[in-house]
Amino acid sequence: MIAEVVVATAHPFSFSKPVAVENSIVLKNPRGPLLHVASTVRRPARARTPAQQHLDPFRARSRSKTDNNMYAATRPQPGRSRRGHAAARPWDRIQRLAAAAAVGPSLLFLAVAASAAPAAAKVAEYHWTVTESLQALDGVPRLALGLNGRPGHETSIVVDSGDTIVVHVTNNLTVPTSLHWHGLHQYGTNEMDGGAGATQCPIAPGDTFTHRFSTEGQYGTFWWHAHHGTQYADGLRGPIIIRDPPAIAAILPPYDTDSVMDLTDWYHTPTDELTRTFYLNGTVNPDGKEPMFDSGLINGRGVYNCSLILEGRECAQQSPPVFVFESRKTHRIRVLSSASFAGFRFSIDDHRLTIIEVDGVTVEPYTVDTIELNTGQRYSVLVTTNRTSGNYWIRAEMYHGPPWTTLDPSPGFISTAFGVFQYSGSPSPTTPPTSQPDPNGVFLRDTDLSPIPAGPAPRLTADSLDLIFAFNFETRPADKYQKGYVYLSVRGDEDAALRVGNATSPARLGPHPALPNIDPAGSSFAISDGQSILRSLAHPPRTPLAALPRTANIASLEPGQVMQMTIVNRDAGEHPFHMHGHAFWVVARGIARRVEDIPPVDEESVSGAGANPLRRDVVTVDACPTEADEQCEVDPETGEVSFGYSIVRVLADNPGVWLFHCHIEWHIAAGLVMVFVESASEVIDRGVSMDNVRLCHRYNAWKDLRAHGGQLDATPPLPEANPAGERPDALLLPPPSAAASQQRRATLGALWLLAAGVAVLLMRSRRAGFSRAGTAATTTTTAAKTEKSAGGKLWSGYAPAPTAAATEEEELGVVGLADEDGALRSA
């Protein structure tokens with residue numbers, strides 16, 4: 001059975017006239033065949049011809065794939081890195097960790113992993129066009145960003161661990177954009193990470209960039225979102241689901257359905273306008289107050305009190321979404337915070353939440369009543385429908401008011417994003433549920449979670465780097481608005497970070513080898529527009545690391561080095577910090593008044609035998625204790641300001657340029673960002689693809705043309721809207737008939753022969769001396785017709801704009817299914 005959702009439209013918190021299924025992302029049969037949602041699903045790549053290599057310089061490059069997931073449940077694969085050393089293997093790492101902890105790996109895990117045959121890796125290919133359209137997600141219409149004319153949250157990526165994801169991103173906006181794949185480590189594909197300014201230039205209007213990366217060694221709940229300006233706050237975001245490999249699935253508690261609940265805050269005014277006219281406008285907003293969100297959404301649907309809408313604005317009253325679950329079953333719900341500012345407190349009345357995953361890391365089952373999520377964080381919870389059949393509130397309460405927010409909300413703001421958890425067979429709700437939250441419910445503290453398989457954090461050694469990261473929001477004499485300043489130092493040096501918030505001015509220090517261009521007086525992140533750090537380092541003429549600007553806030557990590565970082569928060573609100581390319585070990589959290597007073601990490605408890613600290617990719621740094629005025633406590637004798645802190649560790653085993661930043665969108669815009677350059681010599685040796693280099697050329701050309709009143713290219717046409725009533729995120733796919741499967745196999749076979757013929761012709765034309773300039777490889781796959789019996793039409797995400805002769809099913813693209821043995825078959 002599957003979970004589904006229906007929605008109803010009426011005045012706030014009343015229910016009538018349920019409409020079509022929508023607003024849910026449902027993964028059918030979590031233990032059965034893999035569902036691929038893609039425009040094209042192809043067989044594993046074979047050896048590429050010279051013509052193919054010419055047409056695709058990035059894929060023709062030789063790249064080692066080093067798996068950084070210390071506990072990945074996959075078998076070792078042969079391979080060697082560019083430098084001749086054996087490529088790191090997940091299974092080897094599990095054994096090394098077990099040896100370091102002086103214990104053996106779990107016998108159960110070993111038995112399951114040894115017996116589980118990995119499925120053949122597949123390629124899931126998507127064609128996305130970034131668009132702007134009018135949306136009314138909470139009843140108030142506004143221009144929002146998304147894909148192919150639809151809201152972004154409706155487009156999900158669903159693959160199996162080890163599959164390759166290919167996404168062709170075309171920018172149909174009038175401004176640049178970029179997409180980041182949050183939580184995916186990009187082993188060997190750093191330039192695919194998507195952080196504008198760090199690993200690539202933005203995608204100019206009218207331009208297309210192809211992201212291609214592997215999911216090998218990773219599984220769980222992730223998400224994609226814009227990483228340019230504040231665009232993801234305007235809706236350019238969506239979930240990524242990587243199914244558990246058999247070894248992990250077998251040791252988790254069984255569940256019957258798998259679905260996503262995406263929590264986010266929502267603004268009625270586009271955030272670029274809020275940024276320009278308010279947040280980064282020092283005249284209007286000298287104190288740097290963050291704009292206040294107007295509502296909260298669950299899977300893209302929220303409620304605003306239209307009776308209090310400001311004069312002149314439209315508003316159609318909505319009710320919360322209704323999620324339907326079958327009784328006497330266990331349901332996996334992937335709770336994702338794609339918010340830009342708000343923190344959430346999530347619960348389901350009268351139902352307990354058993355956590356089995358956090359930020360793409362499987363954990364031992366741990367049961368609570370309430371979980372707190374900051375921006376970018378994810379939890380998978382199991383919920384058993386063993387209560388009296390009926391309707392129960394889903395509550396996603398948004399933290400607001402001092403000290404979390406400083407501005408008043410708009411008049412119709414409702415501080416909780418509600419949903420209805422409905423047992424199947426119960427009457428559709430016509431009145432609000434009467435359920436109440438448990439006043440004595442257990443709250444989660446994430447450091448109580450234990451990853452599976454168990455393993456210690458890496459030990460600090462004499463070669464380790466022990467950093468202190470502090471920050472402050474300030475307006476210096478040369479600043480036009482309040483900025484986020486980063487103070488980075490090495491513990492043991494005379495520490496500029498210790499002085500943040502005190503009367504003493506930061507001391508200027510000599511450069512540390514790991515911080516060759518860090519300004520000890522603090523700096524707000526900024527780089528040259530039209531350039532990326534990766535391109536500067538790895539593409540001729542190759543700027544030396546120490547010559548990059550101080551405002552890039554760069555720290556250098558050596559191969560295999562262990563870095564520990566104490567993140568100091570002298571702010572009255574929590575800050576969620578995210579590192580690209582890694583999941584770090586969280587080894588301590590707490591409150592202190594001086595950095596010297598932070599207790600040293602107990603090495604045996606985090607790195608010794610039996611140690612198993614939490615790993616995740618977004619860590620919450622607690623707020624400082626506050627006084628009556630909501631300001632941080634100050635010691636009356638010393639004047640020292642109290643602060644919250646988190647201590648994380650990272651093993652430098654993933655060469656690349658990796659951003660580290662607060663995940664509150666406003667704070668990224670204010671410059672609360674730094675960069676880790678990991679294994680710089682390997683980054684330089686690896687270089688960057690010409691596709692990545694061309695992004696900067698085309699972006700700079702667009703800027704020049706815009707400055708003279710021109711435009712780069714005509715923007716591509718907007719794809720046709722989805723047929724009425726169809727939702728690409730309602731993934732309810734019945735298995736196809738044998739006849740249909742055979743027909744689709746024949747279709748795909750013919751397409752492969754056609755592609756081979758094209759490749760031969762290209763080779764011949766190349767040999768004949770034709771010019772290669774401007775050659776582009778574009779593969780268009782005709783979609784096979786889908787079965788409509790037993791479940792309606794099948795959706796696969798978004799395909800390119802269809803031709804006039806295309807059938808309705810061909811417009812939707814191809815859906816691929818994997819057999820139990822992992823063999824790809826057409827749908």
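A charge sits over a ring if NZ of Lys or CZ of Arg is within 6 Å of the ring centre and within 35 degrees of the ring normal. In this predicted model, R142 lies over the face of W266, at 4.7 Å from the ring centre. The charged end of K483 sits over the ring of Y481, 5.5 Å from its centre.

Residues are numbered from 1 along each chain as its sequence is written.

**Aromatic pairs**

A pair of aromatic rings is described by the distance of the centres and the angle of the planes. Rings of Phe, Tyr and Trp (its six-membered ring) pair if their centres lie within 6.5 Å; planes under 30 degrees apart count as stacked, over 60 as edge-to-face and the rest as tilted. The structure holds 23 aromatic pairs.

The F325 and F421 pair links distant parts of the chain, 96 residues apart. F325 is in strand β17 (residues 322–325), and F421 is in strand β25 (residues 416–423). Strands are DSSP runs (E, at least two residues), numbered from the N terminus. F325 and F421 are both buried. Buried means under 20% relative accessible area (1.4 Å probe, protein chains only). Y126 is buried at 1% relative accessibility, and W128 is buried at 1%. Elsewhere, ring pairs link F469, F471, F473, F577, F660 and F676 into a cluster.

**R332**

R332 is found in strand β18 (residues 330–337). Is R332 buried or exposed? R332 is buried, with a relative accessible area of 1%. Its side chain makes a polar contact with the side chain of Y255, at 3.0 Å. Another, of 3.1 Å, joins the side chains of R332 and S380. A polar contact is a pair of N or O atoms within 3.5 Å; within protein, one must be able to donate a hydrogen and the other to accept it, and residues adjacent in sequence count only if both atoms are side-chain atoms.

**An open sheet**

Four strands form an open sheet with mixed pairing, in the order β8-β13-β12-β10. Two strands pair if DSSP finds at least two bridges between them. β8 (157–160) and β10 (179–182) each have a single partner strand, so one side of each is left without a neighbour in the sheet. β8 and strand β13 (residues 237–243) pair in the parallel sense over four bridges. V158 stands opposite I241 in β13.

Note on methods
Predicted model: local features only at pLDDT ≥ 70, side-chain atom pairs only at ≥ 80, totals over all residues. Heavy atoms only, no water. Buried < 20%, exposed > 50% of the residue type's maximum accessible area, 1.4 Å probe, protein only.
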